[in-house]
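Me: I have a model open here and would like to go through it piece by piece. Could you help me read it?

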Amino acid sequence: MNFPKVLLVLLTITISTIVHAQSNSGTIKGRLQDSASKKGLSLATVTVFRAKDTSILTYRLSDQNGEFKVPALPLNLLCRVMISFSGYKVYRKEFELTKDNAQLDFGTITLADDPRLLDEVFVTAERPPVSIRKDTIEFNASAFKTLPSALVEDLLKKLPGIDIDPEGNIMVKGKQVNRLLVDGKEFFGGDAKIATKNLPANIVDKVQVMDDKEQIERNPDIAPADIGQIINIKLKRAIKQGWFGKAYAGGGTDSRYETGAIVNAFRDTTQVSFLAYSNNVNKAGFGINDLQKIGGFDRSGISSMSVSSQGGFAINGTSFGGGGQGIQRSTGGGININHQFRKTLTLNLQYFYGDVNSDFESLTNRQRFLQDTTQVVRSSGVNNSFSANHRVGGTLIWKIDSLTTLTFRPGLTLTKNRLQRNSFTDISDNFKGNLNSEENTQNSKETSGNYSHSLYLNKAFKKRGRMLMINNNLSVNDNLNDQYFDLVNVFYLDGTTIRSSQLRQRQTPNTNGYLNAAFTEPITKAISLRFGHTVNYTKESNALSPFNRNGAGKYIDLIDSLNSKIARTLIQNTTNAGLTWRKKDLMLTGSMNMLFLDYDNSYLKTTPVNRSFNYLYPSLTISFKGMQLSYAANIRAPSAYDLQPVIDNTNRQFLFRGNPALKPQYARNLSFNYFKFKPDGSSYSFYITGNRSDNAVIRENTIDKSGIQISQPVNVSGLNSLNGSINYTKQYKFNTNFRLSLRPGIYGNYNEGVVSFNGNRSGSETVNYSSSLMLGLNWKDIIELNQRYGLNMSKTSYDNKNYYKNIEVITHSAESEIIIRWPKHIVWETLINYSYNPQVSPGIRKSFVRWNGGVNYLFLKEDKGQLKISFFDLLNQNISVYRYTTENSILDSQTSTLRRYFLLSFIYNLRTFSPGKVGGRDRSFFLF
């Protein structure tokens with residue numbers, strides 16, 4: 001499939017459609033001003049109705065000078081323009097455009113003051129699509145056409161300035177949506193997806209968008225560009241309580257299946273959600289944000305997260321399906337309860353269980369370039385893993401009085417992991433051939449428990465701007481891992497073979513605490529003073545006890561040479577004082593920070609390493625309208641493992657020796673970003689940041705003649721990096737039926753590094769570049785066409801060109817999605833993904849096409865029933881392939897994954913309101 005040609009054809013069709021639409025339409029324009037000051041009125045709503053029945057044709061917002069222009073209006077139709085702005089009288093006038101008079105200039109329109117609320121002066125049918133009320137943007141839901149089966153997500157996608165990515169994350173004018181409320185209350189923990197992907201659009205009266213005042217209260221000096229947004233969904237008066245949900249089940253070829261259900265209920269101040277799912281088609285039952293919110297991960301803490309290109313993910317080392325690795329069976333269930341006891345007390349409780357069983361095969365190939373030598377490390381493995389997770393979490397929000405709020409979020413997690421792995425790793429080079437190999441049969445069991453909480457107290461005072469904030473986070477974790485190994489190491493140059501069977505018991509308890517207190521005092525209306533102190537506390541250890549198996553098959557013989565323990569206590573105190581000055585759209589915040597860093601590291605076999613460091617550094621932020629310039633510094637202590645002054649030889653092919661002389665890394669960062677949102681709904685952003693690091697940690701490596709590598713961390717200074725991005729978003733509305741969305745983007749970064757092998761040190765420069773183009777076409781929500789193309793390039797060059805070879809990686813990706821909702825009750829959908837890596841190593845696939853599709857049939861009353869026949873990977877080519885560079889190496893990775901299958905599924909919508917919109921990426925499977 002030639003994707004560039006496809007994009008060219010689509011572009012040609014689009015241009016032809018635009019030209020035709022513009023040649024059969026007219027335009028009105030004018031300028032709005034205040035009756036007293038004669039200043040232009042920005043962001044007033046200009047709505048054009050069909051005069052006969054007051055149905056909305058289109059609308060626009062006035063620009064910063066009060067000027068407006070409304071294109072693509074029909075000819076020979078009597079219309080009515082209505083201009084509204086909060087605090088002013090409504091302006092109405094009828095007009096008709098013709099072919100001979102297709103341009104109409106209203107000139108300057110003066111609006112007079114009106115103290116009444118806009119809702120009091122509007123005729124119901126004339127409510128404007130958009131109203132601006134101080135810091136709140138309000139959308140009239142009835143003004144934006146959706147299908148009868150549309151969800152809130154579909155409604156939000158039609159609103160100007162609101163953008164929803166394929167995973168359901170919401171951005172408003174380029175800012176992240178922190179919470180989504182329903183009638184002013186948190187809906188299932190404030191999670192946006194559970195509302196947008198379950199609530200039907202036809203129960204919504206208004207959509208309100210506003211700044212997150214809670215975030216502002218926590219940080220009064222936050223730059224305007226960093227303030228998140230809140231969306232409040234106001235329901236129609238007749239719908240203030242109800243229940244909804246869905247149940248689904250499906251079976252297919254090769255024993256593939258999926259099943260699940262969710263039931264949600266909300267009644268006044270109580271909201272309850274039950275959910276359960278199971279499948280073996282590599283689908284996550286829920287999205288990352290869902291598990292963070294209703295699963296409690298944001299309340300219990302996230303220590304690690306990984307995301308695959310196919311939508312799967314793992315949190316804290318636990319996979320929740322869809323990872324694209326082999327065949328996965330995912331099962332889970334839970335309950336979430338929200339209750340508001342009174343206006344001052346809100347409680348959230350939740351429990352979630354999830355497990356994943358995965359079978360997969362992997363192949364990796366690392367090429368390391370050393371002068372005229374190319375060393376190849378090739379590893380293959382067959383794996384089976386199982387992970388089970390229990391999580392209990394909650395939130396208590398107590399408004400102690402009108403000025404004081406306390407928020408407490410505790411969480412408890414219990415996890416069990418099991419892994420069986422057979423692997424073979426071979427190291428060779430182009431001169432000596434095979435150097436060494438390792439055959440490893442591994443079985444491991446891991447149990448862990450974690451308690452965590454966050455506590456936040458915000459105290460305002462009667463004096464405006466005076467504020468006290470106290471924030472505490474605590475995480476206590478204990479992890480025990482038993483790994484059983486049967487190893488065969490062969491060293492080909494001297495003919496040595498070493499066989500061993502070992503048990504390695506590793507225990508890693510750790511406690512992390514954080515306490516911050518900040519006080520803000522206004523000096524004048526424009527200047528405020530802020531003092532703060534932060535304490536970070538870490539207590540952790542890593543104990544390894546290895547045992548050889550004796551003749552009786554028992555693991556009781558301790559291997560003293562591998563026995564080790566690292567214990568660390570780290571205390572970091574930071575005191576800061578700063579000033580903030582505001583004048584209209586300009587804000588300057590400067591502060592001085594004093595950091596005291598102390599850490600004590602003890603080791604089983606060597607002397608302790610105790611160090612203390614002091615740093616004094618400034619920070620500065622300048623904000624003006626959509627622009628922000630910031631300078632900050634960051635200090636990072638070396639890890640206890642990097643400081644360990646002994647060799648870790650648990651892996652005989654890759655040895656590691658710590659360095660007790662390491663110093664903390666000191667990095668300075670200067671960044672600039674700019675975001676612009678225009679009244680026509682388009683936006684563009686620019687971001688660039690530079691970083692300079694002293695005492696950065698790199699690895700000095702030595703490779704002996706048998707291919708064994710020994711690495712040791714060392715400090716280097718003067719490393720620079722630069723990265724930036726440019727993004728543009730535009731939605732074109734040529735008439736009431738046709739929309740075009742365009743979203744090009746460019747990202748790049750430059751990084752300096754140092755590479756050292758066998759005493760040959762060289763500076764390195766890595767340049768990464770990626771670009772993407774997304775194009776979306778929508779006609780009446782009957783036909784949707786979405787296209788994406790991405791290009792990624794990476795190139796690394798070295799100062800020491802005699803020893804190191806420049807390396808380059810290029811990858812291409814493309815995606816095409818088509819949805820057709822025709823005829824009535826039938827929905828066709830198809831999604832094609834294409835990936836091409838032209839430079840992969842022998843044995844690694846260069847390209848693949850993954851073609852998914854299906855047809856849906858809606859039936860039963862209100863289309864509550866849905867029957868779907870779908871196929872996955874029709875061409876049977878699906879595979880997971882990655883290529884990236886590191887140090888002086890290129891690494892290729894290939895992982896087996898789910899291949900072709902067919903599935904027949906039945907979905908029943910339990911909603912008492914209406915069914916959900918059908919069609920699009922995994923909408924039939926993802927519940928949120």
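Me: Which residue of β15 stands opposite methionine 210?
Reply: In this predicted model, methionine 210 stands opposite isoleucine 230 in β15. The two strands concerned, β14 and β15 (residues 229–235), run antiparallel and are joined by seven bridges.

Me: Is β14 buried or exposed, then?
Reply: Six of the eight residues of β14 (residues 204–211) are buried, so the strand is largely enclosed by the rest of the structure.

Me: What does valine 207 touch?
Reply: Leaving aside residues up to four places away in sequence, valine 207 touches Ile137, Glu138, Phe139, Leu155, Leu156, Leu159, Ile231, Asn232 and Ile233.

Me: Which residues have the most contacts inside the largest nonpolar core?
Reply: They are Phe139, Leu156, Ile170, Val207, Ile231 and Ile233, in a core that has 33 residues. Another core, of 20 residues, lies apart from it and has Val46, Val48, Val70 and Ile109 among its members.

Me: Changing topic: what is the strand order in the open sheet of four strands?
Reply: The order is β3-β2-β5-β6, and the pairing is antiparallel. The edge strands, each of which pairs on one side only, are β3 (56–61) and β6 (91–96). On average, and with direction ignored, neighbouring strands of this sheet are turned by 20° against each other.

Me: What about β25 and β26?
Reply: β25 also pairs with β26 (residues 433–460) in the antiparallel sense, here over 26 bridges, and this hairpin has three residues between its strands. Here the bridge partner of phenylalanine 408 is leucine 455 in β26.

Me: Where is serine 816, and is it buried or exposed?
Reply: Serine 816 is found in β46 (residues 807–820), and with a relative accessible area of 11% it is buried, because the cut-off for buried is under 20%.

Me: What does the side chain of serine 816 make a polar contact with?
Reply: The partner is the side chain of glutamine 787, at 2.7 Å.

Me: Last topic, aromatics: how many aromatic pairs does the structure hold?
Reply: The structure holds 15 aromatic pairs. One of them, formed by tyrosine 857 and phenylalanine 859, is stacked, with 5.4 Å centre to centre and 10° between the planes.

Me: How accessible are tyrosine 857 and phenylalanine 859?
Reply: Tyrosine 857 counts as partly exposed at 41% relative accessibility, and phenylalanine 859 is partly exposed too, with a relative accessible area of 23%.

Me: Which tyrosines do ring pairs link into a cluster?
Reply: Ring pairs link Tyr798, Tyr803 and Tyr804 into a cluster.

Conventions
Residues are numbered from 1 along each chain as its sequence is written. This is a predicted model: local features need pLDDT of at least 70, side-chain atom pairs count only at pLDDT 80 or more; totals for chains, interfaces and linings use all residues. Side-chain values use heavy atoms; hydrogens and water are left out. Two strands pair if DSSP finds at least two bridges between them. A nonpolar core is a set of buried Ala, Val, Leu, Ile, Met, Phe, Trp, Tyr and Cys residues joined through side-chain atoms within 4.5 Å. Buried means under 20% relative accessible area, exposed over 50%, partly exposed in between (1.4 Å probe, protein chains only). Contact means heavy atoms within 4.5 Å. A polar contact is a pair of N or O atoms within 3.5 Å; within protein, one must be able to donate a hydrogen and the other to accept it, and residues adjacent in sequence count only if both atoms are side-chain atoms. Axes are lines fitted to C-alpha atoms, for helices over the stretch in contact, and angles run from 0 to 180 degrees between N-to-C directions. Rings of Phe, Tyr and Trp (its six-membered ring) pair if their centres lie within 6.5 Å; planes under 30 degrees apart count as stacked, over 60 as edge-to-face and the rest as tilted.
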